[in-house]
Amino acid sequence: MVTLYEKAYAKLNLTLDVLGKRADGYHDLCSVMQTVSLWDDVEIDVGTGKPWCLKCDAPGVPCDERNLAWKAVKAFFEELNRDPDGLEIRITKRIPSQAGMAGGSADAAAVLRALNRHWGEPLTLEALADLGSRIGSDVPFCVVGGTCMCEGRGELLRRLPDMPDCIFVVCKPEFPISTPALFRKIDSVAIHEHPDNRAMEMALAAGDLEKVAQNVFNVFDPVVSAEHPELDAIKSVMREYGALACQMTGSGSATFAMVDEPLSAVAISGLLKKEYQEVFVCKPV
Ligand code: C5P
C-alpha cells in the first residue's frame with residue numbers, strides 16, 4: 001500500500017465580475033483568482049484491498065456523493081474506465097466552508113492531481129482541469145492554481161504573472177451565504193460598479209502591488225455588505241490597520257485584507273481574532 005499526499009489550497013478572488021446570465025442558468029464571469037497558503041490536507045491510501053471510501057475530520061462535511069472530492073474520484077475513474085476500489089481518501093479540513101474560498105473544489109482538485117500523478121499522468125493538466133469543470137465551476141482553477149484570469153462559468157483559464165509578494169488576512173464571519181441565492185439576487189439588482197480586469201492584468205504584469213490593491217473588487221461585495229453590516233465593520237478594522245485593499249471573496253462570506261507590512265497583518269488578525277473564530281494569515285502561492 002502507498003499513501004499519496006496533496007495540498008488543497010484555498011482561493012481568493014482578487015476581482016470578480018458577473019457579466020450576465022446564460023441559457024444554462026449559470027452566469028458568465030470574469031475573475032482574477034489566486035491560490036493562497038491556507039490548505040486542506042488530502043491523503044490517499046492506494047491498495048487497501050477494501051471498497052473505496054472517503055473520510056473527513058470536519059463535522060458537518062458529508063462523506064458521500066454530495067462531497068466534491070467524491071465526485072472527483074468518480075469522474076477520474078470513469079474517465080480511465082477503471083475501478084476506484086482499494087482507495088481510502090482522508091481530508092483534514094482547514095479551509096472554512098461556505099466562505100467563497102473554494103474549500104470543496106480545492107479538495108476535489110487535489111484528489112484529481114494526486115490520482116493523475118499516481119496513475120502516470122494519463123491526463124494533461126488541461127484535460128484534468130476540463131474534467132474538473134464537470135464537478136464544479138471553481139474546480140478547474142483549483143486544479144491549476146497560481147494567478148489566473150477565469151472566464152465563462154469559471155472553466156476558461158488564462159495564466160497571469162504571479163502576483164507580487166504580500167500578506168492576506170482572511171476573516172470568515174459566522175453567517176453563511178447561499179451561492180445560488182446570491183447569483184439570483186444579483187440578477188435582480190443593478191450592478192453599479194465593475195472591476196477593471198484589464199487594469200488588474202496590467203498591474204500584475206508590472207508586479208505593482210499598490211496598483212493590484214487599487215483594482216481589487218468583487219461585484220458581490222456591495223450586495224452582501226448591504227445585508228450584513230458586519231462586513232463593513234471588518235473592513236473598517238482592516239483599513240484602519242493598514243490594509244492596501246479589503247474585499248469579500250467569491251460569494252462570501254470570508255473577507256480579506258491585502259497588506260504589505262507583517263506588523264499590519266499581526267494587528268489586523270489580533271483584533272479580528274477577539275471577535276471571530278476563523279481568522280487566517282496567508283500568502284499567495
Ligand atoms: O458550479 P457550482 O456547482 O460550484 O455552482 C454553484 C451554483 O452557483 C450554481 O448552481 C449556480 O447557481 C451558481 N453559479 C452561477 N454561475 C457560475 C458559477 C456558479 O450561476 N459561473
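Which residues does Phe168 touch, not counting residues up to four places away in sequence?

1. This is a predicted model. In it, Phe168 touches Leu12, Leu14, Val36, Met163, Phe256, Ala257, Met258, Phe280, Val281, Cys282, Lys283 and Pro284, leaving out residues up to four places away in sequence.

2. Phe168 also belongs to the largest nonpolar core, which has 64 residues. Ile89, Phe168 and Met258 have the most contacts inside this core. Its largest share, eight residues, comes from H2. A second, separate core has 29 residues, among them Leu29, Ile177, Leu182 and Phe220.

3. Helix H1 (residues 68-80) packs on helix H2 (residues 103-118) at an angle of about 30°, and the axes lie 8 Å apart. H1 is therefore roughly parallel to H2. Their crossing is right-handed. H1 contributes Leu68, Ala69, Ala72, Val73, Phe76 and Phe77 to the contact. H2 contributes Gly104, Ser105, Asp107, Ala108, Val111, Leu112, Leu115 and Asn116. Ten of the contact residues are nonpolar, three are polar and one is charged.

4. Backbone points to check follow. Most residues other than glycine have a negative phi, and most peptide bonds are trans. Asn81, not a glycine, has a positive phi of about 60°. Asn81 sits in the loop between H1 and strand S5 (87-92) and is exposed, at 72% relative accessible area.

5. Glu121 also has a positive phi, near 55°. Its loop runs between H2 and helix H3 (125-133). Glu121 is exposed, with a relative accessible area of 53%.

6. Gly252 and Ser253 are joined by a cis peptide bond, with omega about 10°. Ser253 lies in the loop between strand S10 (245-248) and strand S11 (255-259).

How values were computed: Residues are numbered from 1 along each chain as its sequence is written. This is a predicted model: local features need pLDDT of at least 70, side-chain atom pairs count only at pLDDT 80 or more; totals for chains, interfaces and linings use all residues. Side-chain values use heavy atoms; hydrogens and water are left out. Axes are lines fitted to C-alpha atoms, for helices over the stretch in contact, and angles run from 0 to 180 degrees between N-to-C directions. Helices (H or I, at least four residues) and strands (E, at least two) are DSSP runs, numbered from the N terminus. Angles under 35 degrees count as roughly parallel, over 145 as roughly antiparallel, 65 to 115 as roughly perpendicular and the rest as oblique. A crossing is left-handed if the near helix is turned anticlockwise from the far one by less than a right angle, and right-handed if clockwise. Contact means heavy atoms within 4.5 Å. Ala, Val, Leu, Ile, Met, Phe, Trp, Tyr, Cys and Pro count as nonpolar, Asp, Glu, Lys and Arg as charged, and the others, Gly among them, as polar. A nonpolar core is a set of buried Ala, Val, Leu, Ile, Met, Phe, Trp, Tyr and Cys residues joined through side-chain atoms within 4.5 Å. Buried means under 20% relative accessible area, exposed over 50%, partly exposed in between (1.4 Å probe, protein chains only).
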